[in-house]
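Subject: Structure handover

Hello,

Here is the model you asked for. My notes on it follow below.

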Amino acid sequence: MSHQLVMWVLFNVIVAVMLYIDLAVGQKKSHAVGMREAALWSLVWVAVSLLFGVGIYFFLSPEKAMQFLTGYLIEKSLSVDNMFVFIMIFSYFSVAPEHQPRVLKWGILGALVMRFILIFIGAALIQRFHWVLYVFGGFLLYTAYQMAFGGEKEFKPEENPLFRRVKKWLPMTGLRGDRFFARVNGALHATPLFLAVLVVEFSDLVFALDSIPAIFSITQDTFLVYTSNVFAILGLRALYFLVSGLVQLFAYLKFGVALILAFVGVKMLASHYVHISTGLSLGVVVGVLILSITASVYWPPRKAAPVI
């Protein structure tokens, strides 16, 4: 058995075991993921990814280990944009915190299948569907404005254009807890959570069409391309809940996240004309988050005085 085949087997075993622990055991009941749980899983996924890179170093070669690490960091930094799209999606569909893990669980499982297909088919589809980035960019700018100035809004199916359009070919109903489908008068109907999963899947497809070519520029080894993609995606779920928890904890972080959404939206809209490097994007995201948290700690907003 070749060393690369051994690493393929090891990779699949690790992913299967980690997914079972994280998704099957840890998510038996719908619950809002707290910051402590999100931080722990974020550290776990990073540690597992780095340990796998050590395995590549010894079983394959130091060069391949370096390519894996470079690809992982690129995919991780690029996937940060995807994380903020999740915020947009959950805000758009008013998905409650306790139902978000279930949506992301199925969204990420679907993403793993899509990444496998796209990577092994190759980059033939890469140059297509680029226009979708402009649609997402516009949505992000709108969501950034709503997050900063729009306040909390309840999802109302009868007022939602996407809901009404899908309803023309798929029977739809309102939110029914954490269920994707529900029976209404004996007929099976889809809920807004099912729509949220579809949009999560679609968003990953859009980002995959941009991120996969980035790592192909580092290596053409499909093993390294796929494994670095998978580890970056699996860690993204925990990172999302960590960031969303921080938003609730620090007063100004909501405006920081809105600014990041606007930045990502502008980057998408200008992608055809201006290249913004991965390092610059990551620096903007980290810088804005640090400034928002610092401002929340040292200059917290004054509480309104009670009316007597």
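From the N terminus on, the elements run α-α-α-α-α-α-β-β-α-α-α-α. That makes 10 helices and 2 strands. Both kinds are DSSP runs numbered from the N terminus: helices are H or I with at least four residues, strands are E with at least two.

Some ground rules. This is a predicted model, in which local features need pLDDT of at least 70 and side-chain atom pairs count only at pLDDT 80 or more, while totals for chains, interfaces and linings use all residues. Residues are numbered from 1 along each chain as its sequence is written, and side-chain values use heavy atoms, with hydrogens and water left out.

**Overall numbers**

The protein has 308 residues, and 46% of them count as buried. Buried means under 20% relative accessible area, exposed means over 50%, and partly exposed is in between (1.4 Å probe, protein chains only). The accessible surface comes to about 16,200 Å². Carbon and sulfur atoms hold 68% of that surface. Areas come from the Shrake-Rupley method with a 1.4 Å probe; for residues, only the protein chains shown count as cover. Among contacts (heavy atoms within 4.5 Å) with a separation of 6 or more, 77% join residues 24 or more positions apart.

**Nonpolar cores**

In soluble globular proteins, nonpolar side chains tend to be buried together. A nonpolar core here is a set of buried Ala, Val, Leu, Ile, Met, Phe, Trp, Tyr and Cys residues joined through side-chain atoms within 4.5 Å. The largest has 43 residues. Those with the most contacts inside it are F84, F86, I89, V103 and Y240. Helix 3 (62-92), helix 4 (100-121), helix 5 (132-150), helix 7 (192-216), helix 8, helix 9 (253-269) and helix 10 (278-298) each give two or more residues to this core. Helix 3 gives the most, with 8 residues. A second, separate core has 27 residues, including F223, V225, V230 and A232.

Back to I89. Leaving out residues up to four places away in sequence, I89 touches A196, V199, V200 and S203.

**Aromatics**

There are 15 aromatic pairs. Rings of Phe, Tyr and Trp (its six-membered ring) pair if their centres lie within 6.5 Å; planes under 30 degrees apart count as stacked, over 60 as edge-to-face and the rest as tilted. One of the pairs is F52 with F231. The pair is tilted, with 5.2 Å centre to centre and 50° between the planes. F52 lies in helix 2 (residues 35-59) and F231 in helix 8 (residues 222-249), so the pair ties together parts that are 179 residues apart in sequence. F52 is buried at 3% relative accessible area. F231 is buried too, at 0%.

Both belong to one aromatic cluster, formed by W8, F11, F52, F68, Y72, F223, Y226 and F231.

There is also a charge over a ring. R102 lies over the face of F180, at 4.3 Å from the ring centre. The test asks for NZ of Lys or CZ of Arg within 6 Å of the ring centre and within 35 degrees of the ring normal.

**Buried residues to look at**

T227 lies in helix 8 and is buried, with a relative accessible area of 0%. A polar atom of its side chain lies 2.7 Å from the backbone oxygen of F223. Beyond four places in sequence, T227 touches F11, F52 and F68.

T191 is in the loop between strand 2 (187-190) and helix 7. T191 is buried at 0% relative accessibility. A polar atom of the T191 side chain lies 2.6 Å from the backbone oxygen of R179. Apart from neighbours within four places in sequence, T191 is in contact with M172, T173, G174, R176, R179, F180, F181 and A182.

A190 lies in strand 2. A190 is buried, at 1%. With residues up to four places away left out, A190 touches L170, P171, M172, T173, F180 and F181. A190 and R176 are 14 residues apart in sequence and 9.6 Å apart, C-alpha to C-alpha.

S281 sits in helix 10 and is buried at 5%. Neighbours within four places aside, S281 is in contact with F263, K267 and I276. The C-alpha atoms of S281 and F263 are separated by 8.6 Å, at 18 residues apart along the chain.

Best regards

Conventions:
Polar contact = N/O pair within 3.5 Å; in protein donor to acceptor, adjacent residues only side chain to side chain.
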